[in-house]
Amino acid sequence: MPGKLKVRIVAGRHLPVMDRASDLTDAFVEVKFGTTTFKTDVFPKSLNPQWNSEWFKFEVDDEDLQDEPLQITVLDHDTYSANDAIGKVYIDIDPLLSNEAAAILSGWFPIYDTIHGIRGEINVMVKVDLFNDLNRFRQSSCGVKFFCTTSIPKCYKAVTIHGFVEELVVNEDPEYQWIDRIRTPRASNEARQRLISLMSGELQRKIGLKVLEMGGNAVVGYLQCFDLEGESGLVVRAIGTACTLDKLSNPATSLLPPCGSPSKDLKEVPFSEDPNPVTHSSGPSTPLKNQTYSFSPSKSYSRQSSSSDTDLSLTPKTAAPSPEGPRIFLFPSSPPFSSSSPHHKSTQLLRSAALHSLTPPHSGHVSPVCLRKSVSFNEELLLTASGMGSGSGGKDGGPLKTLYRQQTQSAFEHREFPFFTLTTFPPGFLVHVGGVVSARSVKLLDRIHNPDEPETRDAWWAEIRQEIKSHGKALGCHAVIGYSESTSICEEVCILSASGTAAVLNPKMLQDCSMEGCSEHRLSRQPSFFSTGSEKGEFDFFLQCQDSASILGLDDASSLGCSFCHIPYDELNMPFPAHLTYCYVCRKQKVPDVLFTTIEPPLEAAVTGKGCLIQARLCRQKKKTQGEANATAISNLLPFMEYELHTQLMNKLKLKGMNALFGLRIQITVGENMLMGLASATGVYLTALPSPGGIQIAGKTPNDSSYEQHISNIQKKINDMIIKNREIYEINPPEVLEELLGSPIPETRQRSRLFRSQSESSDDVSELDLSHGKKDAFVLEIDDADAVEDIHSLLTDAPTPAGFYSCNTEIMPGINNWTSDLQMFTSVRVFRLNNVTSLTSHGLNKAFSDHCENLLKTLYFKLRSMIPCCLCHVNFNVALPEDELIQVAVTAVAITYDKDQVQYISKASTDKTILKASLENEDQLQFTLELCMESQSNQSALHFSPSKTAGITESGSLQQVTPAAQRATSVDYSSFADRCSSWIEFIKQKAQTIRRGSIKTIASLDKASPLAEAHTRHRSPISCTTSTVTVVEMTPLSFIPGAKIAKYLGIINMFFIRETTSLREEGGVSGFLHAFIAEVFAMVRAHVAALGGNAVVSYIMKQCVFMENPNKNQAQCLINVSGDAVNFFRDADVESAPSQPQTSGSQTGNGSGDLVT
Amino acid sequence: MALELDVFVGNTTLIDKDVYKLWLDGYSVSDAVTYRIQSGILEQTDATPDVLESDTMDHYRTFQMLERLLHSPPKLINQLLFQIPPPMQSMLIEKYYTFDEPFVREVLGKKLSKGTKKDLDDVSAKTAITLKSCRRQFDNFKRVFKVVEEMKGPLVENIQQNFLLSDRLAGDYAAVVFFANNRFETGKKKLQYLTFEDFACCAEQLISNWTLGAVDCMVDDMDVDLDREFLQDLKDLKVLITDKDLLDQHKSLVCTALRGKVSVFTEMEANFKNLSRALINIAAKLIHTKDVRDLFIDLVEKFIEPCKSERWNYNDVSLFLTHYTNSARALDAFKHQSLWERYMGTIKSCIMTMYHE
């Protein structure tokens, strides 16, 4: 009942000629919603018709409002024969349903035809009057906001994060219905587009209902996917994170966490800088005791379950199974405490803290799974420990830890799946990161008999999610973040994949944050820090007395930017083999030697140098089989592929001299006779983690001298490469630090080990002796030709050209002075493997890898005018459309940055120590989350003057920087700033010219959409106020460099089909696809502009299915894109350059100018 | 491994000005790649030839898609398909409509018909401009011509509004359109020494003085046709050469004014009647379309060449024409002063433009 949809058709322009005789068109418009249709009058003989229709009113249920798209069809009137359709516009009116959304949707929309593409444009106005429905049993969920962005949207504050929501709907694919045999391709395509639009509306509504049930008002990190299962149907599924969001009244104010932010005076006591001599009052001189155990290394991380043939892959992984197996470091520990009450009051804090300093340093949570695994050797461990004379440590991680567990568990236990699709979290939310968890399952598709009960598909996903959950538990984590799901379908085989990062989250944010919750939270957080106390109990205690604020232990740890690296699992019962060391930042907690995650690098993370894109590529042949046998063959291959991808990733990571991966995304694609694996991630050097060792080459036959020569050659090449990479990515870990601080690892042997690991890469090969064991050096054995090729391929990855950086995360660690020039692009390539069967698997790998490298090279070449720039959010998608065809689609954004400033910082970065980290955190308090980019640039400014009092120096250094920025812009002709100013002038001129014009086409232009005025209000420099075309930025990132997002206008989720029967005439496959992608971009931009927006953030091309039949001169392509429509304004517009009188050229200067004012 | 499909699409359409130039010049993709390799781009950017080829292909495809819009520049400004920054848009338009001097000299004044288009391969062979480029330039002429031919108002402004060209280029097109419409002969051997710019200057003069628009800018007619009435009247000027008294009087006035001022006084004095006859005969014949076409060749043959053969310098010609024009005012018997000024003013400008090596 409660909604009135109003539509007005204003005008058309650039219509195609439909009547060959007159070279004109008699156009009219049909407006359809649900089953109701209205028509405009025919506007005869014009290619630029002015309908100026009345408002067509539809009275509809809000359920329909959510599900149905508004369908506008432009037709050519024909007196004698049937009217010809020119094209259609589908408008999703969901963005209008939210109470804070745009009141009107108005603008020029491209008229789209699935056969002819865009054919002119139509000006439409849409309004919705919504009546409140108080019916408790309603089926609609109007007003629930959806965001593709995988972080809390910039102008909102998260009150509560409720958790995982998922839903799927299935239907028959119209393309495979019997009727498809008799209808036209156009009718089929339109039926399909409409159905998918309807299904995604329904899906969104159902998810919205779930969110309302949970008490939320928004879905963040909404990811909707289509599975085109062919004969068996069409599945639309979505996952997301339900939240309660509050709009920040002033978008300029920063997003502060509701409570528990570190207090300001904290920074005055930088922990690690404390000069107090460390007295080791307790504990023996050997806190790190190496104990070796061999639990079967390969099985522990790749296991197959008979039911679903899944593969558990836990990262980080260490080297190929070595006979020695993993090492476990054991701490001597003090006697465990008896349990303390779960409801400690904050008055007890001090006491409990003091007590706690004596508690054992285990940070792991002993989950049942781990426990079971560890029972066998626990006793021995304990014995050893007690043998050191410091009592037994054992499996219980301290009373407060227990308390913490209880609390977090209570927060999570009631959730079926404690998953979060978010990849970036408010500060303090992320406590620890365990590692990547993933699960895959191979299924045989069967026909969905009853679309209303999609139980099989639901069950499949539930199974996989269950598995992910248990993997997470095995890592001592109660939550999985950065969670995503995907499928790959070939004929009737389907691989379902899910992956995420196991993590420990701060439960406070999940609950309502009352005062009580707050104090409890403080308590609960405590152990994670104080368990680090180890043998230096007195020291810790001393500090606590000195500054009660530091009782909020976690805040301290997080202020150092290392806490999230600390292991969440019990070091005694590690779920997988890993080398643990003390955190290189705080020196108190244990960290793994490498860390793989699917999330963004946390803002607070202390990173050394810059990051880079790391890819592992793999191609495996398989026999062409059918049904069950095929599924079995695939599931047998999967674990090996995962293992190999991991090994490749690890090798490449080491080669780059880095120790952590963020944004890891492993895509396994199934084809008729091949399986492809592509893993992409951003490698970084986390300051908290140990320096990665080199790669050691070992030969099988050490006696052969020529062979040894060969090996040492390769070894030298690898070492050179590592050194070079360290230079490129500016990885200079602060070595001096260890001497300054009392090393928490007093044992000499240990210390020397640490030093060695840092120096070995910068010094020559001879330092790499094996006498220290294989802890750091990563050994590659050359035992057959395969291994040689492995190493070869490792070395042949082309380096990124100078001036370019690339990453697949949103933010590039180490670059923070973005300028406003950005270019989003999509590149698609299909290549044919000639006689696949004759290729060796390595030949195949090489072909695939070369192809990817080539693609990247082309991108670098194309974007060379933007240097210095960084390709961010590089997202590869691999598909196998046919037997020997491999399709790779890449979407990314290139953002320019200010090189001069970077160099300045990099100089400073050599002496940036932990102090920097704490300063960074302080910055975040002031500018929290407002714009990651911005806060980072602030940080960079702060690096120059670490002390707060040096405000003058700061502004001084800023001024130094700004001219550099200007220089850069003025030199680069294509720079955006220049462009903007000249652009506007140009438009003004043109507008004048146009106004003087007397032809009809142009006369209509003056009427521009009412939106033009809306844009003027925001004065976005790139929005053409006088042209009818609004400039719309598109970016896969959740932010726009150098700009603030003022408003979120709704989710964009569009699905298009394009087909041609004249492929050659349209420029072949490339011409066809090129035009189609351009058309999709145009339609997205038009929708955003109509909503009053000027950008799409978190843009993603989720699907690009391309099929061709050159013999028939036919091709078809399906594209699915989504993103968030926003309205942004540039900083330079708002603050009219207070410090610098320069014009738009000083945009970057103003950005960092925030800091000074 | 063979690349079957290779596309790159940016949200902001990437335009490489160098590749655009190669495309406009009508080079094939492979020629363009060769050309780019020769330019040393591979060394500068560390790229490989296949990267270059892929890039060139992409640009060529983009340009092909843009070409349709470039045919109607206002569409390019308002289309939604390609997001192109306005400065780049105007660059695209300007470059697309820019033509080559050797080409325009071949085509200037010719009928923009299918027949002429068929002869473009000769033009191409003669000028070393690719046939493709010749066709584009020819089509541009024709397109502009068709759009503005029947339009009201000032020619240059019409061109500017419909094709969004710069003042200079719009002026050039006005000349092309004007010449094509009046079919002025420009290709004769004797006219070869003249540049397009010379003709464009003359065209500007002719348009602003001799067309209908020159008399009344609000007139409901075109800038492209000459004022027939004016041409009709021109035969009245004949009196200056047919009336012996008038001719002598005119001569003595000019000679008095020029004595000691020109280096070629004697030659001038001797030739005055011939020159005067030449100029006035040209005027009198302009009523015939055929003679309008020959205006420039007549000016060269009947006036410029005789002067040149007697080594008049630029200054001499200028002074002569100035006084020749002004002296007519003093002739009481001569009643067509305004007509005379309108004719001579333009003729003088044209001759002065054309009077060079």
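1. In strand E8 of chain A, A:Asp129 is the bridge partner of A:Lys4. The model under review is predicted. The two strands concerned, E1(A) and E8 (residues 117–130), run antiparallel and are joined by 10 bridges.

2. E1(A) also pairs with strand E4 (residues 56–59) of chain A, again in the antiparallel sense, over 4 bridges. Here A:Lys4 stands opposite A:Glu59.

3. Turning to the interface, 66 residues of chain A are in contact with 47 residues of chain B. The area buried between the two chains is about 4,900 Å², and carbon and sulfur atoms give 62% of this area.

4. Between chain B and chain A, 5 salt bridges are counted. The side chains of B:Glu4 and A:Arg832 form a salt bridge with an N to O distance of 3.1 Å.

5. On the side of chain B that touches chain A, several elements each supply at least two residues, among them strand E1 (2–10), helix H4 (49–70) and helix H11 (155–163). H4(B) provides the largest share, 10 residues. By class, this side of chain B comprises 23 nonpolar, 13 polar and 11 charged residues.

6. Strand pairing also crosses between the chains: strand E28 (residues 818–832) of chain A runs antiparallel to E1(B), joined by 8 bridges. In this pairing, B:Leu3 lies opposite A:Phe831.

Key
Residues are numbered from 1 along each chain as its sequence is written. Chains are lettered from A and ligands numbered from 1 in the order in which they are written. This is a predicted model: local features need pLDDT of at least 70, side-chain atom pairs count only at pLDDT 80 or more; totals for chains, interfaces and linings use all residues. Side-chain values use heavy atoms; hydrogens and water are left out. Two strands pair if DSSP finds at least two bridges between them. Contact means heavy atoms within 4.5 Å. Buried area is the accessible area (1.4 Å probe) that two parts lose on being put together, summed over both. A salt bridge is a side-chain nitrogen of Lys or Arg within 4 Å of a carboxyl oxygen of Asp or Glu. Ala, Val, Leu, Ile, Met, Phe, Trp, Tyr, Cys and Pro count as nonpolar, Asp, Glu, Lys and Arg as charged, and the others, Gly among them, as polar.
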